[in-house]
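Hello,

Here is the structure I said I would pass on. My notes on it follow below.

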Amino acid sequence: MIGIVMGSTSDWETMKAAAKMLQEFGVPYEAKAMSAHRTPHAVADWASNAQKNGMQAIIAAAGGAAHLAGVVAAHTTLPVLGVPMPSKHLQGLDSLLSTVQMPKGIPVATFAIGEAGAANAALFAVALLALSDKNLDKKLSEFRRRQTEAVLKSEPLKL
Ligand code: RP5
């Protein structure tokens with residue numbers, strides 16, 4: 001089971017890309033909105049119990065300086081995959097820096113801003129699970145093969 005947490009329900013439109021990718025691989029997930037600043041106790045509670053509740057990795061997304069992924073990582077030793085959300089004024093650069101620049105000791109593996117990052121975080125979670133799941137490993141190789149094939153099959157580009 002993969003936990004997907006995000007700072008606001010307004011992040012869901014972007015984070016659906018992670019949920020869809022996990023669904024494509026048949027990996028169960030639990031997706032929730034909770035905020036490091038609006039509901040700090042709920043975040044601490046959820047993250048502290050995540051492993052006990054069957055999570056194997058956590059994808060954490062937030063926008064602005066919200067720093068949700070770092071807070072989640074502070075409460076668990078599970079792998080935390082951070083996805084910076086696009087933001088209105090700084091186009092997600094604030095989210096990127098507040099997620100990626102973790103001081104030594106509490107890591108957050110940080111992905112690209114927005115939907116690509118959400119999808120890639122899910123693919124990374126699949127790769128983690130595939131280390132001990134041969135069937136999932138096969139599905140991942142197949143996904144890569146289909147992706148490569150689709151690019152190679154594309155028509156020559158013309159003006
Ligand atoms: C962050 O603030 C959330 O992760 C979201 O990206 C951003 C804006 O949240 P809303 O004001 O739309 O709820 O905490």
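His 67 counts as partly exposed, at 32% relative accessibility; in this scheme buried means under 20% relative accessible area, exposed over 50%, and partly exposed in between, with a 1.4 Å probe and protein chains only. The residue is found in the loop between β3 (57-62) and α3 (68-74). Helices (H or I, at least four residues) and strands (E, at least two) are DSSP runs, numbered from the N terminus. The phi angle of His 67 is near 65 degrees, a positive value in a residue other than glycine.

Please keep in mind that this is a predicted model: local features need pLDDT of at least 70, side-chain atom pairs count only at pLDDT 80 or more, and totals for chains, interfaces and linings use all residues. Residues are numbered from 1 along each chain as its sequence is written, and side-chain values use heavy atoms, with hydrogens and water left out.

Gln 91 also has a positive phi, near 55 degrees, and is not a glycine. Gln 91 sits in the loop between β4 (80-84) and α4 (93-100) and is exposed, with a relative accessibility of 56%. From its C-alpha atom to that of Glu 155, 64 residues apart along the chain, the separation is 33 Å.

Lys 32 belongs to strand β2 and is partly exposed at 34% relative accessibility. Between the C-alpha atoms of Lys 32 and Gly 117 there are 18 Å in space, and the two residues are 85 apart in sequence.

Next, the ligand. The residues around it (those with a heavy atom within 4 Å) are Gly 7, Ser 8, Ser 10, Asp 11, His 37, Arg 38, Ala 62, Gly 63 and Ala 66. For polar contacts, the rule is a pair of N or O atoms within 3.5 Å; within protein, one must be able to donate a hydrogen and the other to accept it, and residues adjacent in sequence count only if both atoms are side-chain atoms. A side-chain N or O atom of Ser 10 is 2.7 Å from an oxygen atom of the ligand, and a polar side-chain atom of Asp 11 is 2.6 Å from a ligand oxygen. Gly 63 takes part through a polar backbone atom, 3.0 Å from an oxygen atom of the ligand.

On aromatic pairs: rings of Phe, Tyr and Trp (its six-membered ring) pair if their centres lie within 6.5 Å, and planes under 30 degrees apart count as stacked, over 60 as edge-to-face and the rest as tilted. The count by this rule is two. The ring centres of Phe 25 and Phe 143 are 5.5 Å apart with planes at 55 degrees, so this pair is tilted. Phe 25 lies in the loop between α1 (12-24) and β2 (29-33) and Phe 143 in helix α6 (residues 134-153), so the pair ties together parts 118 residues apart in sequence. Both Phe 25 and Phe 143 are buried. The other pair, Phe 111 and Phe 124, is edge-to-face, at 5.5 Å centre to centre and 65 degrees between the planes. Phe 111 is in the loop between β5 (109-110) and α5 (115-130), and Phe 124, 13 residues away, is in helix α5. Phe 111 is buried at 15% relative accessibility, whereas Phe 124 is partly exposed at 38%.

Regards
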